[in-house]
Amino acid sequence: MNEPVLQTTGLMRSFEQGGHKIEVLRGVDLAVAPGEIVALLGPSGSGKSTLLQAVGLLEGGFEGSIRIAGTEVAKLDSNGRTVTRRDQMGFIYQFHHLLPDFTAAENVILPLLIHGATQADAEARAEELLSALGLAKRLTHRPSQLSGGEQQRVAVARALANRPALVLADEPTGNLDEATADIVFAEFLRLVRGEGSSALVATHNERLALRMDRVVRLHEGRLQ
């Protein structure tokens with residue numbers, strides 16, 4: 001059996017507020033298999049974003065184990081976390097967070113160059129991904145010249161640029177209307193599966209969740 005791309009054991013996160021301890025994650029055990037796309041369902045405040053931030057090594061202060069592609073990463077130093085995020089992960093958020101002064105292609109090329117790709121290879125990879133998402137004629141457009149759905153497609157391409165083992169998506173279509181969200185999400189699923197990546201997708205949308213391989217539910221800091 002293949003080792004999970006992501007495995008958390010006893011993951012806990014709490015905050016102090018007004019002299020009280022607020023437990024957000026209460027011992028989360030989760031495994032995501034190679035190539036698996038998992039929906040993380042839960043209402044607002046259930047801890048979905050906190051779980052993604054912990055798994056994505058974007059926030060400290062948690063307890064427990066996090067293994068990415070078989071390597072324990074929970075206790076890495078700042079440089080180790082940066083390298084793991086760069087080499088193993090891709091991130092998609094509700095808001096696209098594209099660089100406004102860069103074209104669609106340049107937004108995808110930049111993480112490739114940071115990863116060590118040549119300019120020619122980075123340009124070819126960006127064009128490949130954006131074309132697969134229906135943006136072949138929009139490569140030189142800046143974000144302000146793109147629709148909301150097009151901007152989020154660029155964000156998807158950027159997240160997959162370096163062929164990450166794991167994609168973490170936090171309400172990736174939450175800022176789109178229903179019709180556009182359906183189209184973009186279908187393209188996201190197709191591209192992630194085509195690239196062979198795994199994905200953990202936080203959402204409150206039951207309809208979108210059922211299109212993924214498996215659904216887990218987070219309630220009061222625990223998986224159900």
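Q: Where does arginine 163 lie?
A: Arginine 163 lies in the loop between helix 5 and strand 7, the latter being residues 166-170. Helices (H or I, at least four residues) and strands (E, at least two) are DSSP runs numbered from the N terminus.

Q: Before I go on, what sort of model am I looking at?
A: It is a predicted model, in which local features need pLDDT of at least 70 and side-chain atom pairs count only at pLDDT 80 or more, while totals for chains, interfaces and linings use all residues. Residues are numbered from 1 along each chain as its sequence is written, and side-chain values use heavy atoms, leaving out hydrogens and water.

Q: Okay, back to arginine 163. Buried or exposed?
A: Arginine 163 counts as exposed because its relative accessibility is 53%. Here buried means under 20% relative accessible area, exposed over 50%, and partly exposed in between (1.4 Å probe, protein chains only).

Q: What about the phi of arginine 163?
A: Arginine 163 has a positive phi of about 50°, although it is not a glycine. Glutamate 220 also has a positive phi of about 50°, and it is not a glycine either.

Q: Where is glutamate 220, then?
A: Look in the loop between strand 9 and strand 10, where strand 10 is residues 222-223. Glutamate 220 is exposed because its relative accessibility is 52%.

Q: Which residues does arginine 125 touch?
A: Arginine 163 is one of them, and the others are Leu112, Leu160, Ala161 and Glu195, not counting residues up to four places away in sequence. Contact means heavy atoms within 4.5 Å.

Q: And which helix holds arginine 125?
A: That would be helix 4, which covers residues 119-132.

Q: Is it buried or exposed there?
A: Arginine 125 is buried, because its relative accessible area is 5%.

Q: New topic: where do I find threonine 84?
A: Threonine 84 is in helix 2, residues 78-88. It is buried, because its relative accessible area is 11%.

Q: What is threonine 84 in contact with?
A: Leu57, Val73, Leu76 and Met89, once you leave aside its neighbours within four places in sequence.

Q: Which residues does arginine 211 contact?
A: Leaving aside neighbours within four places in sequence, arginine 211 is in contact with Asp182, Phe185, Ala186, Leu189 and Arg193.

Q: How far is arginine 211 from isoleucine 37?
A: Their C-alpha atoms are separated by 9.3 Å, although the two residues are 174 residues apart along the chain.

Q: Last one: what does UniProt place at residues 6-224?
A: The UniProt record, an unreviewed entry, places the feature "domain: ABC transporter" there. UniProt positions use the numbering used here, feature names are shortened, and annotations may be inferred rather than shown by experiment.

Q: How much helix and strand is in that stretch?
A: Over residues 6-224 the chain is 37% helix and 28% strand. The end C-alpha atoms of that stretch are 18 Å apart.
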